[in-house]
Amino acid sequence: MRHNTLCKKWLPSGYTIDERNGQLDSLRALSVTGVLIHHFWPTCMLDFVDLGHVGVRLFFVLSGYLITGILLRFRSSIEAGRSDAATALRRFYIRRFLRIFPPYYALLALMVVTKFPGVHNTLWWHAGYASNFLFALQGSWTPWVTSHFWSLAVEEQFYLVWPFLILLVPRSRLVAVVIAIIVSSPLFRLIALLAGTNDVALYVATPASLDALGLGSLLALCADQPVAWRRLTRLGLISIPLTLIALGVLLVNDQPWLNYLVYETGVALALAYLVGKTAEGFGGLPWRLLSLRPLQYVGKISYGIYLYHFFVLAAFWKLLDVAHLPLLDKGPVLFLIATSMTVAMAALSWKFLEQPFNRLKHHFPYEPEAPGGPQEVLTQSS
């Protein structure tokens with residue numbers, strides 16, 4: 001992908017692209033850990049910034065960056081005459097299907113078979129990746145065991161549109177179009193707030209997340225333009241103190257416009273800086289932390305962790321109830337137990353369900369294999 005060129009140029013001595021990809025996996029691990037803390041241990045002192053929401057926003061920035069990098073590779077192949085748009089789109093969607101659908105629909109089926117309350121009545125919303133519409137229309141997170149599906153729905157809706165934009169918009173206009181989409185997101189939140197839209201809809205509507213997805217995409221577009229890359233990452237760095245100031249004001253005096261217009265945008269910019277610096281490849285202590293193998297493994301299976309964590313929590317509470325044991329309140333003990341169970345389930349899913357489907361991706365490569373040599377090896381998460 002294009003960002004590999006940038007990374008080869010900027011990598012410290014002895015640092016490899018595989019290690020850089022591992023650092024991005026570590027960011028996924030940090031993202032999903034924030035979600036688990038928010039849902040299993042909401043009174044944790046770290047959660048005053050809503051770690052769950054920040055974690056999801058980081059997932060969005062990462063997704064925008066990686067998916068746009070993939071699509072730019074497809075586009076380069078098309079422009080070089082090695083492929084065509086129809087083939088590129090077909091391969092992209094097949095690869096997305098193999099990566100995302102099997103565990104998602106397996107979980108939905110398991111929820112229906114085990115008769116989780118509310119799932120059967122809302123099944124078609126989730127099956128059609130329209131969970132965010134359901135929650136927005138209801139103005140509530142019902143059923144709660146599927147409430148995290150809203151972000152998966154946003155991602156899938158993003159996948160439906162973004163490939164056509166990246167592959168078909170003229171290159172000379174791509175950056176301008178993506179910037180316009182980024183700017184439209186805080187404006188949407190502000191207009192929706194003034195129109196009296198419910199809080200859930202402001203949270204889960206797809207346009208409300210386009211700044212995070214778009215900033216990740218913009219990083220990928222700037223990956224082979226060092227000047228533009230530096231400007232974007234500097235903007236993200238500058239946004240960090242401004243975001244912290246906005247957070248401080250919100251903790252003292254909750255102002256919805258400040259939250260949706262300033263804080264949310266600042267968080268997206270700050271996370272774009274984090275992803276950009278990780279894509280370059282951290283050195284020193286951050287490199288050591290982000291290169292920890294257990295952290296990278298958690299990042300590799302983070303999709304399963306995110307997907308299954310509410311199911312595990314509900315199943316655990318049900319088991320305690322059936323055994324006539326007292327239910328554990330959310331807190332450190334529940335966090336340790338539920339997180340361990342979730343990681344175990346995600347690890348089994350990765351080994352026996354996700355990896356077998358991922359291995360089928362080699363039948364649908366990003367571009368035809370060049371004569372005389374194998375293609376570049378890409379991470380299984382792409």
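**From a surface patch to the buried side chains**

Modeller: Ile179 is placed in helix 8, residues 171–194, where helices (H or I, at least four residues) are DSSP runs numbered from the N terminus. The model is predicted, with local features requiring pLDDT of at least 70 and side-chain atom pairs counting only at pLDDT 80 or more, whereas totals for chains, interfaces and linings use all residues. Residues are numbered from 1 along each chain as its sequence is written, and side-chain values use heavy atoms, with hydrogens and water left out.

Ile179 counts as partly exposed because its relative accessibility is 39%; buried means under 20% relative accessible area, exposed over 50%, and partly exposed in between (1.4 Å probe, protein chains only). Together with Val183, Leu187 and Ile191, Ile179 forms a nonpolar surface patch with about 360 Å² of accessible area in total. Patches are made of residues with over 30% relative accessible area and no salt bridge, like charges being joined within 9 Å and nonpolar side chains (Val, Leu, Ile, Met, Phe, Trp, Tyr) within 5 Å. The areas come from the Shrake-Rupley method with a 1.4 Å probe, and for residues only the protein chains shown count as cover.

Turning to the charged side chains, the model has nine salt bridges, each defined as a side-chain nitrogen of Lys or Arg within 4 Å of a carboxyl oxygen of Asp or Glu. Arg57, Arg189, Asp211 and Glu264 are linked by such bridges into a network. Arg57 and Asp211 are both buried, the relative accessible area of Arg57 being 2%. Arg57 also forms a salt bridge with Glu264, with the closest N and O atoms 3.4 Å apart. This second pair again links distant parts of the chain: Glu264 is in helix 12 (residues 256–280), 207 residues from Arg57 in helix 3. Glu264 counts as buried because its relative accessibility is 7%.

Helix 3 also holds a local pair. Glu79 and Arg75 form a salt bridge whose closest N and O atoms are 3.0 Å apart. Because they are four residues apart in helix 3, about one helical turn separates Glu79 and Arg75. Glu79 is partly exposed, at 47% relative accessible area, whereas Arg75 is buried, at 8%.

His309 is placed in helix 15 (residues 302–322) and counts as buried because its relative accessibility is 0%. The side chains of His309 and His39 are joined by a polar contact of 2.8 Å; such a contact is a pair of N or O atoms within 3.5 Å, and within protein one must be able to donate a hydrogen and the other to accept it, residues adjacent in sequence counting only if both atoms are side-chain atoms. Leaving aside residues up to four places away in sequence, His309 touches Val35, Leu36, His39, Phe40, His148 and Thr342, contact meaning heavy atoms within 4.5 Å.

Gly236, in helix 11 (residues 226–252), is buried at 0% relative accessibility. With the same exclusion of residues up to four places away in sequence, Gly236 touches Leu269, Ala270 and Tyr273.

Definitions and conventions: Helices (H or I, at least four residues) and strands (E, at least two) are DSSP runs, numbered from the N terminus.
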